Amino acid sequence: MTIAAGAGKKKRSGSTARTFVNTNPVTGDEIATFQITTPDEVNAAVARARAASAAWKNTPLERRLQILAEMKAVIARNGESYARRISEETGKPLVDSLMTELMSVPIFIDYYIKHADRVLRRRRVRTPILFPGKSSHIEHFPMGVIGVISPWNFPFQLAMVPVLSALIAGNTVVLKPSEVTPVSGEIIREIFAAISIPVGAVQVIQGDGSTGAALVEADVDKIFFTGSVATGRRVMAAAAAKPIPVELELGGKDAMIICADANLKRAAKAAVWGGLVNCGQMCVSVERILVVDEVHDEFVRLLAAEVDKVRQGAPDEHADIGPMIFGRQVEVVDAHVRDARERGAVILSGGEIPDGPGQYYPPTLVTGVTAEMDIYREETFGPVLPVVRCRDEAHAIELANDHQYGLNGSVWTRDISRGMALASQIEAGQVSVNDLVASVGNPAIPFGGVKNSGFGRYHGAEGLLSFSHTRSLMVDRGFLPTEPFWFPYAQKYPHMVGAFRGLLRNNMPKALASLIRLQRISLRAAKD
Ligand code: NAD
């Protein structure tokens with residue numbers, strides 16, 4: 001990221017506005033200059049979103065979905081041009097911009113068109129015997145204005161999916177995209193401007209951490225944050241002071257467990273894709289490859305062959321991976337690899353920042369990784385495949401779980417039931433057998449982390465419920481003048497004891513008989 005001269009405090013003639021520029025990670029050229037939204041402007045944006053709230057939440061769900069579905073035509077029309085702009089600011093291949101960023105819109109809209117009503121509509125649940133004559137219901141209602149703060153690695157998808165989910169649930173939204181990737185935020189702004197959603201329902205505010213902090217302080221009803229653990233802690237502390245709910249989607253250090261009976265060829269291809277796609281800048285990237293001793297050497301040989309085939313370069317139609325999106329991340333990756341080398345790991349390929357322009361770090365395969373290395377303990381978030389030799393599967397599970405992060409994990413074996421049993425032992429929000437990463441794009445299942453990977457879930461039913469308040473509704477027809485438990489209490493105690501004991505001993509006839517007696521006493525008293 002480059003903040004314009006003056007560390008983001010550039011004064012233009014006659015203006016005190018702060019600005020930042022974003023740059024092309026391949027060429028280093030400036031793409032555009034953006035104003036940093038001030039706290040007053042943030043408050044004004046939130047006020048506009050609040051003003052739009054009544055119109056949007058009172059729009060029937062079916063109509064809300066119809067309006068949002070207009071986005072599909074906008075993206076079908078402009079998708080390739082959006083993809084080029086996303087690739088220009090991130091350096092990611094056009095394939096990734098189309099398929100992992102823009103494709104999220106039709107996938108999630110189509111899923112919620114089919115399922116949102118089932119998730120959000122009022123439902124009746126059974127009423128316990130203690131409440132005779134009443135019915136019980138659960139319903140959901142929008143929270144109000146949601147603040148969405150997003151990162152730079154999937155700048156479109158990780159902003160758009162929570163924004164869409166919040167809107168479908170009936171909220172209005174203020175989005176603060178990452179200052180590293182503001183163009184993706186502008187694309188989101190343009191898409192919403194092209195559909196018939198009420199004015200103000202989606203606000204995009206550009207800026208850096210100060211703008212994000214101002215959004216948490218503003219009059220929002222929930223913050224949905226995706227980013228690093230350090231920032232997540234700050235966001236949560238600020239939200240706690242209000243208090244408002246927060247959802248934190250944070251980092252990961254995903255374990256990939258290779259069993260002795262795995263399809264090693266598939267697993268090697270998967271590891272290389274899962275660890276290097278998006279240049280490894282992915283919260284669900286493969287960051288620890290735990291291989292059982294029996295197949296370790298054979299697997300590393302296959303892995304090395306696959307790494308050699310990866311094409312890195314500018315985002316044309318041939319590159320598999322591009323440069324790093326965020327220049328400073330190159331230094332983090334390099335520091336992790338250097339630390340690993342110094343502590344005895346072997347760098348089988350890559351491992352050096354290349355000369356020349358562009359924020360490149362090469363695909364890097366590291367073996368002999370051990371638990372004390374930074375590359376094992378910390379999120380690397382780069383194109384690095386750290387391989388750890390394990391005694392057996394039990395050892396691999398132990399290592400997978402003995403970690404600060406718990407976002408995703410996978411198990412590779414030909415024995416599906418053993419694979420599922422092992423996967424179910426991984427302490428993570430998502431696990432797969434003989435597959436990886438795919439669950440993040442599957443709209444039907446919830447996504448989120450445990451431990452330092454955060455908490456809360458979106459996608460699936462949870463993706464709408466997490467942007468809704470739950471309201472319980474009890475209904476009595478209101479025919480009777482009184483209730484068994486209302487005043488007066490006189491003469492009721494022995495029958496209360498009867499109901500109490502009946503319920504505790506699971507003797508429902510006794511409990512019911514006592515309740516009827518209590519009601520008779522109440523009704524007699526009501527006549528007086
Ligand atoms: P980051 O924490 O630096 O920034 C994230 C966002 O927070 C940005 O928009 C930033 O401007 C904003 N921000 C900074 N300071 C703030 C403050 N004090 N208050 C409010 N907002 C503030 O993260 P990043 O570098 O953009 O993203 C990379 C991280 O995100 C990695 O750790 C990655 O694993 C994680 N991530 C997690 C998921 C997930 O779903 N779990 C997905 C993608 C990325």
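Guide: One term to start with: a residue is called buried when its relative accessible area is under 20%. Keep in mind that this is a predicted model. Let's look at helix H6, residues 182-193. Of its 12 residues, 9 are buried, so H6 is mostly covered going by that under 20% cut-off. Running along the helix, the buried ones are Pro-182, Val-183, Ser-184, Gly-185, Glu-186, Ile-187, Ile-188, Ile-191 and Phe-192.

As for the helix itself, the 12 residues of H6 should span 16 Å at 1.5 Å a residue, and its end C-alpha atoms sit 17 Å apart, which agrees.

Now zoom in on Phe-192, which belongs to H6. Its relative accessible area is 5%, so Phe-192 counts as buried, the cut-off being under 20%. Setting aside neighbours within four places in sequence, Phe-192 touches Leu-68, Met-71, Met-160, Val-163, Leu-167, Ile-197 and Val-202. Take Leu-68 from that list: Phe-192 and Leu-68 are 124 residues apart in sequence, yet their C-alpha atoms are 8.5 Å apart in space.

Notes
Residues are numbered from 1 along each chain as its sequence is written. This is a predicted model: local features need pLDDT of at least 70, side-chain atom pairs count only at pLDDT 80 or more; totals for chains, interfaces and linings use all residues. Side-chain values use heavy atoms; hydrogens and water are left out. Helices (H or I, at least four residues) and strands (E, at least two) are DSSP runs, numbered from the N terminus. Buried means under 20% relative accessible area, exposed over 50%, partly exposed in between (1.4 Å probe, protein chains only). Contact means heavy atoms within 4.5 Å. The expected span of a helix is 1.5 Å times one less than its number of residues.
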